[in-house]
Amino acid sequence: MSQLYDRVALIGLGLIAGSMAHAMRRGGLAGEITGFARSAETRAVAAEIGLVDRVCDNAAEAVKDADLVVLAVPVGAMESVITEIAPHLAQGVTVTDVGSVKRAVIEAVAPHLPEGVTFVPAHPLAGTEHSGPRSGFAELFDNKWCILVPGDAPRPAVDRLGDLWRAMGSSVDEMDADHHDLVLAVTSHTPHLIAYTMVGVADDLRRVTDSEVIKYSAAGFRDFTRIAASDPTMWRDVFLTNKDATLEILGRFTEELFALQRAIRQGDGDLLHDYFTRTRAIRRGIIEAGQDTDAPDFGRAKAAKR
Ligand code: NAP
């Protein structure tokens with residue numbers, strides 16, 4: 001693969017930025033990668049493990065002469081970060097972000113951008129429950145989606161960023177910000193909230209001891225605990241900034257839950273069976289689309305498709 005940017009500056013050096021650094025190196029996609037994180041501890045770890053070519057002591061130095069600047073901090077920190085770096089951005093640079101919410105990031109970032117700077121918001125649909133500079137790995141984005149929310153950004157800059165994400169292993173799609181936020185409220189944000197809630201319920205249920213919860217943790221609950229271990233700052237910001245879409249989906253979720261609750265109370269087995277049949281078909285669709293490569297039945301689905 002060939003180099004797409006001369007100098008990429010990563011602002012924030014956690015899971016996503018770290019994985020981008022590894023993936024860009026794997027493909028030889030950037031001439032130089034600079035990096036900055038707010039804490040001296042993160043910068044020291046990044047330097048020690050050689051996460052990027054040059055760890056800088058301030059954001060201004062990191063973005064100097066960069067042709068791509070990636071904002072990889074929690075959504076609620078985007079505005080303070082762009083305010084800090086805006087005066088130091090080179091003419092013609094593309095700024096992008098990897099935030100999990102798009103409308104709020106655009107509103108936080110766009111007003112601070114100087115003339116001659118292009119903003120192409122992005123969101124890789126890939127992650128783990130781990131965070132920090134040691135958590136990244138080159139394969140994180142392989143066979144995953146990255147959604148670009150280009151608005152009216154110039155086409156060459158959008159296409160070049162799309163090429164970068166493709167070269168890092170992802171498929172690329174484009175959407176407008178509000179649609180992105182609604183789709184993600186359904187597929188990611190509300191499911192995370194449900195996982196947090198379920199683990200909280202188990203924790204509150206004093207008749208079931210902690211050791212029983214751990215000992216008898218069957219796959220369903222275990223998956224919830226993995227999701228509920230996700231970074232608290234990141235997820236706090238997601239719910240605070242994708243409020244409307246999350247509340248909309250949560251309202252629908254509550255209605256469905258009440259319907260199932262009534263079916264259980266009334267012993268309506270047909271309703272439950274029909275409901276679970278419908279949801280099972282959705283799971284099969286996800287496997288067939290190759291969107292859960294960890295699933296034990298992934299290989300079978302691929303073989304069946306051949
Ligand atoms: P992470 O591993 O926790 O790293 C976050 C980075 O942001 C750290 O370098 C941290 O610096 C810095 N940071 C935190 N608060 C800050 C603040 N107030 N001001 C300046 N810098 C700050 O997080 P991540 O998982 O890479 O997430 C980064 C972005 O990617 C978020 O916007 C998130 O919504 C998005 N995203 C995450 C996932 C996922 O599954 N994790 C998936 C897709 C998109 P220090 O280390 O110095 O504290």
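A polar contact is a pair of N or O atoms within 3.5 Å. The views below show a predicted model.

**View 1. Val73 and the ligand.** A backbone N or O atom of Val73 lies 2.7 Å from an oxygen atom of the ligand, so this pair falls within the 3.5 Å limit for a polar contact. Val73 is also one of the residues that come nearest to the ligand, along with Leu13, Ser39, Thr42 and Ser100. In total, 27 residues lie around the ligand.

View 2. Arg38 places a polar side-chain atom 3.0 Å from an oxygen atom of the ligand. At Val98 a polar backbone atom is involved, 3.5 Å from a ligand oxygen atom. The ligand has 910 Å² of accessible area on its own, and the protein covers 85% of this.

**View 3. The two domains of the chain.** Domain 1 spans residues 5-175, and domain 2 spans residues 179-266. Taken over C-alpha atoms, the centres of domain 1 and domain 2 are 29 Å apart. Domain 1 gives 16 residues to the contact, and domain 2 gives 16 residues.

**View 4. The interface of domain 1 and domain 2.** About 1,200 Å² is buried between the two domains, with 68% of it on carbon and sulfur atoms. On the side of domain 1 that touches domain 2, nine residues are nonpolar, four are polar and three are charged. Zero salt bridges are counted between domain 1 and domain 2, while five residue pairs are in polar contact across their interface.

Technical notes: Residues numbered from 1 in each chain as written. Predicted model: local features only at pLDDT ≥ 70, side-chain atom pairs only at ≥ 80, totals over all residues. Heavy atoms only, no water. Domains from an automatic or database assignment. Contact = heavy atoms within 4.5 Å. Buried area = accessible area lost by both parts, 1.4 Å probe. Salt bridge = Lys/Arg side-chain N within 4 Å of Asp/Glu carboxyl O. Polar contact = N/O pair within 3.5 Å; in protein donor to acceptor, adjacent residues only side chain to side chain. Nonpolar A, V, L, I, M, F, W, Y, C, P; charged D, E, K, R; others polar. Near = heavy atom within 4 Å. Areas by Shrake-Rupley, 256 points an atom, 1.4 Å probe, with all protein chains shown as cover.
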